[in-house]
There are 2 protein chains.
Amino acid sequence: MNVALSTAQDQRVYNFSAGPATLPLPVLEEIKDELLNYRGSGMSVMELSHRGQTFIEIQRETERRMRELMNIPAEYSVLFVQGGGRLQNVMIPLNLAAAEGTVGDYLVTGAWSKYSFQDAQALGRGHLAWDGAPHRFARLPSNEEIAWAPNASYVHFTSNETIHGIQFHSVPQAPRGVPLICDSSSDLMSRPVRVADYGMIYACAQKNAGIAGLTIVIIRRDLLERVTSASGYLHYRAHADSEDQMYNTPPTFPIYVTGLVCKWLQDEIGGLERMAAINRDKAAVLYRALDEHAGFYIPHAARNDRSLMNVAFRTASPELDDRFVAEARRHRLSDLKGHRSLGGMRASIYNAMPLAGVEALAQFVRDFAQRNG
Amino acid sequence: MNVALSTAQDQRVYNFSAGPATLPLPVLEEIKDELLNYRGSGMSVMELSHRGQTFIEIQRETERRMRELMNIPAEYSVLFVQGGGRLQNVMIPLNLAAAEGTVGDYLVTGAWSKYSFQDAQALGRGHLAWDGAPHRFARLPSNEEIAWAPNASYVHFTSNETIHGIQFHSVPQAPRGVPLICDSSSDLMSRPVRVADYGMIYACAQKNAGIAGLTIVIIRRDLLERVTSASGYLHYRAHADSEDQMYNTPPTFPIYVTGLVCKWLQDEIGGLERMAAINRDKAAVLYRALDEHAGFYIPHAARNDRSLMNVAFRTASPELDDRFVAEARRHRLSDLKGHRSLGGMRASIYNAMPLAGVEALAQFVRDFAQRNG
């Protein structure tokens, strides 16, 4: 590592942004090293034709690593598409609830699953199975509270609510035979999941899995055979059936970054069990500091549903919250302001946030409470 | 510039890929320089929150530069979306031909406009105003040949056919009052256009305007008010009306790259008039070399409709074509194989391909003909 690089690294901050979010430094360094000339190709990875062998190998290796990390069964397709969760919100009902009289069953547990439900509703396909709004999206439902639709062709839930900081720690028990569709945008590859429990898992990449512009769809192949009212880009099968699963030009650079993130997870972290242990440790460090000053800090989430990815909390006053965020920034702890819909603070501590960053924040949490409590 | 950088630059090839395509070297160098720490922010541009002031300024500057370069009138919105031309193919009919009994009128002049027509047809909204298939997509229609639909709510055409190498050098004369929708994916910002002649211009970024993952939509605001059958992400107005025109997380890094490309066009090239002159010179150099060996080389496009962006040609035999592509690669002239649907060779000479690269290719074109003619 040369001197210029060390300086740039020293000047980096701990970035607690909810996404786009911090990336592993070794990933950024590898991108930088090969930016003008990707492995002897004579061009940047951004300039590679998506139909050329060099890029096709990048995409295949990205998929292979993701399959290994998540232990994805062979009967699932892995699609690299665009448009984020919001485009999935439209594609899911068009593809999976096209048959007359069917609906998607939605667990509305926060801002993101609410959008998913509303987008399905606009297509006449949304059924509200549980609404967390009366509970200020501070807790998740028990299985007994959920009113499943009798005509559901799928169940949709959001495994981690990025804004409200609540996370499913077990899979909801959908009616037998109804496939579970999971928006895992903010916790994909943060812990092991049993993919066979799901019909489909999707995620935008810019939290744990890479950068903005890539949406990952892991879908059981039998769901591709359903009657559909989707056409063109909106049809999952068009993507799955295309040569090299490229229906059109995919977001090549974001796919490359996701490949590097997967490599980092495999080679430097050691897989998702190990990543999950690190993430539990990180979250414990931060929640412990907040709990030590209970009363001064008010966490949003019910204790059992606390997210390991997004920690939402506030103090007694918006003015004190603002001071917290501003002072933290001077300690090189960045992007701690909560989402405007909830106020307060939010610390996103995704895979790439090192324990040292969380420890620095926990120390600041304690100091700030002592100075202002 | 340090030694490592010069070496990487020396080892770069001339990349004639149709897209993703070559980028201006100063753009790549700027990306590399600030990759770990964007202008003192302490983070990579890839890690910036899309709702933070630093990224919002990147997006605003990108839009401002594009408006200056293209002289975009105030009554047009500039949207940065995802999904490429293929998603636009679906969004256009849903947004602009939703009223009962209306259609989109399509000029099918090559592979890409054919996809656009077929995607509209799948939605029951496509009318074929002219079909270039019987002409092997080697020429464009005269205005007299076009059978306009009486119930068209828009006319769609593709200003440059990337695969077949033909390009409109004037705007088709659509019936009065019917807005022109132009897929300008492979010639956006390669020459000045009068934006007021169009209802909407769209382009994927990975040819002249940046990298894969960003789709640029320039749309006249009155078209946003039409009756629509689009909802959610598919609704143009949802994008235009969102705060900072971000309906959801945009492809932040590709937007940043497009901003740098626009800066290069403004500050290093000197605007689109100058860029167009350079592009005319480059195309003239290559077509002249091919025409000098007419008979040995067979250009695909009719002379009057030749593209200044994609030069498609072949020799008398596929074996000789293969030898041309392989030998050229050894001369550091890369990605010259034609699209599989057409065979032969294709040289894409977008904005970022320097004149020196085209001259090197022209020299090789002559040498190869002399050795094999």
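Two residues are in contact if their C-beta atoms, placed from the backbone, lie within 7 Å. This structure is a predicted model, in which local features need pLDDT of at least 70 and side-chain atom pairs count only at pLDDT 80 or more, while totals for chains, interfaces and linings use all residues. Residues are numbered from 1 along each chain as its sequence is written, and chains are lettered from A and ligands numbered from 1 in the order in which they are written.

**View 1. Surroundings of Leu286(B) in the nonpolar core.** Leu286(B) touches Val311(B), Ala347(B), Ile349(B), Val358(B), Leu361(B) and Ala362(B), leaving aside residues up to four places away in sequence. The largest nonpolar core holds 212 residues, and Leu286(B) is among those with the most contacts inside it, together with Ile216(A), Leu286(A), Ile216(B) and Ile349(B). Such a core is a set of buried Ala, Val, Leu, Ile, Met, Phe, Trp, Tyr and Cys residues joined through C-beta atoms within 7 Å. A residue is buried if 20 or more other C-beta atoms lie within 10 Å of its own, exposed if 12 or fewer, and partly exposed in between; C-beta atoms are placed from the backbone.

**View 2. Helix H4 of chain B.** Helices (H or I, at least four residues) and strands (E, at least two) are DSSP runs, numbered from the N terminus. Helix H4(B), residues 84-96, has 13 residues and reaches 18 Å from its first C-alpha to its last, close to the 18 Å expected at 1.5 Å a residue (1.5 Å times one less than the number of residues). Because 12 of its 13 residues are buried, H4(B) is largely enclosed by the rest of the structure. Among the buried residues are Gly84(B), Met91(B) and Leu96(B).

**View 3. An open sheet in chain A.** Three strands follow the order E11-E12-E14 (chain A), with antiparallel pairing; two strands pair if DSSP finds at least two bridges between them. Strands E11 (298-299) and E14 (345-348) of chain A stand at the edges with a single partner strand each, so one side of each is left without a neighbour in the sheet. E11(A) is joined by 2 bridges to E12(A), residues 310-314, and Ile298(A) stands opposite Arg314(A).

View 4. Thr158(A) has Asp183(A) as its bridge partner in E8(A). Asp183(A) in turn has Tyr202(A) as its bridge partner in E9(A).
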